[in-house]
Amino acid sequence: MRGEKQMIYKNITFKAAPFSYDLTFDDRITLVGGDSGTGKTVLYEMLEDLRLTDEYKDVKLFNYKSDNLLEAIRQCRDNFIVIDNADILINDDVRKFINFEFSNQYMLFLRNCDGLNVSDKSFKVLKFDNNRITLEEEL
Amino acid sequence: MIDIYTEKKDSKDWIFQNDLYFNLNTCNEEMSQNEVELIHQVDEAKLMPDKRIETKYGLGTIRNLSSGCKTLLNLVKHPDKVVCVEECGPNVLKIIFAMDNIKIYMSRPSFADIPKDAKIRFNDSDIVIGNKGYNAWWSKEYERRKADDL
């Protein structure tokens, strides 16, 4: 649906014993920041399994091991795109694509929001509480 | 002195892909007690002598440390290299800015808790002191970038 903001997943909820993830997204673009060591890459690795299920087949994953990010991401439509190591991976062209390809939703493990059309609802951190992991607003 | 470089340079002495560099190089080096403590401080991870780690997420190997922690160890182990710190969270940057004789790359100001007596040199040229000097330098840099339409 070009030109309109679209949410592919408003929530991503799953168990990965002993942990349970309950992730809520409030914007088409979510930037996950916060301290190092809060479990962003652990979440990414969980999503590698989750995307193989029917429910989450729209998840597309990219990290520093991915080949030719720009070309690969340009093929994505109606996907939930997750990019780990985004601070070193995404250039101006990728940022433009993210801004203007409205059919996708994005979760970016990224600190530098320059050039992205984000809102105050975009900024999140992972919170770990009693083995339950959630996305909270970054203060 | 902390050397900060703000323009990217393609050189074998610069580390941009900290995960990759760590996984192929740094992780194979012996870790000192200080480095074991840094790993615990940043990732709350306990490093075993055989390079396995134990964290709240379970057991793994040293290659399962966070990107920020790997960046810090690349910096500590290779002070001759210029290390990109753009993936580091505030907890790691606080440790980095308390260090001395290191070289880092950042293309934009990162939120960081900088000691007021930290001596920082930008691009082998301007020397500033502490958080105040750091912020003032970036303000001027952004004025320059705006004037140059960057």
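Predicted model: local features only at pLDDT ≥ 70, side-chain atom pairs only at ≥ 80, totals over all residues.

The dialogue below moves from the chains to their strands, helices, loops and contact.

Visitor: How many helices and strands does chain A have, and in what pattern do they follow along the sequence?

Guide: Chain A has four helices and eight strands. Along the sequence they follow the pattern β-β-β-α-β-α-β-α-α-β-β-β.

Visitor: Let us turn to strands. Which way do the side chains of a regular strand point?

Guide: In a regular strand, side chains alternate between the two faces of the sheet. Strand β3 (residues 29–32) of chain A is a case: A:Ile29 and A:Leu31 point one way, A:Thr30 and A:Val32 point the other way, and all are buried.

Visitor: Which strands are joined to β3(A)?

Guide: In general, strands of a sheet pair through backbone hydrogen bonds, either parallel or antiparallel. Here β3(A) runs parallel to strand β6 (residues 105–108) of chain A, with three bridges between them; A:Thr30 has A:Met107 as its bridge partner in β6(A). Two bridges join β3(A) to strand β7 (residues 123–129) of chain A, again in parallel, and A:Val32 has A:Lys124 as its bridge partner in β7(A).

Visitor: Where might I look for antiparallel pairing?

Guide: In chain B, three strands form an open sheet in the order β3-β4-β5, with antiparallel pairing. At the edges stand β3 (46–47) and β5 (58–61) of chain B; each has a single partner strand, so one side of each lacks a neighbour in the sheet. Two bridges link β3(B) to strand β4 (residues 52–55) of chain B, and B:Lys46 has B:Glu54 as its bridge partner in β4(B).

Visitor: Which residues of helix α1 of chain A are buried?

Guide: As a general idea, an α-helix has 3.6 residues a turn, so residues three or four places apart point the same way. In helix α1 (residues 40–50) of chain A, the buried residues are A:Lys40, A:Thr41, A:Val42, A:Leu43 and A:Leu47. They pack against β3, β4 (59–62), β5 (80–83) and β7 of chain A, together with α3 of chain B.

Visitor: How is the length of a helix such as α5 of chain B read?

Guide: One compares its span with that expected at 1.5 Å a residue. Helix α5 (residues 130–147) of chain B has 18 residues and reaches 26 Å from its first C-alpha to its last, close to the expected 26 Å. After α5(B) comes B:Asp149, with a positive phi near 60°.

Visitor: Where else is phi positive in a residue other than glycine?

Guide: A:Asn131 has a positive phi of about 70° and lies in the loop between β7 and β8 (132–137) of chain A. A:Asn131 is partly exposed, with 13 other C-beta atoms within 10 Å. B:Asp124 has a phi near 60° and sits in the loop between β8 (119–122) and β9 (126–129) of chain B.

Visitor: Is B:Asp124 buried or exposed?

Guide: B:Asp124 counts as exposed, with 10 C-beta neighbours inside 10 Å.

Visitor: Which residues does a cis peptide bond join?

Guide: A cis peptide bond joins A:Ala17 and A:Pro18, with omega about 10°. A:Pro18 is in the loop between β1 (11–16) and β2 (19–24) of chain A.

Visitor: Finally, how many residues does each chain bring to the contact?

Guide: Chain B brings 22 residues and chain A brings 15 residues. On the chain B side, α1 (18–24), α2 (33–43), α3 (67–77) and α4 (90–96) each supply at least two residues. By class, that side has nine nonpolar, six polar and seven charged residues.

Methods:
Residues numbered from 1 in each chain as written. Chains lettered and ligands numbered in written order. Contact = placed C-beta atoms within 7 Å. Nonpolar A, V, L, I, M, F, W, Y, C, P; charged D, E, K, R; others polar. Buried ≥ 20, exposed ≤ 12 C-beta atoms within 10 Å, placed from the backbone. Pairing = 2+ DSSP bridges. Expected span 1.5 Å × (residues − 1).
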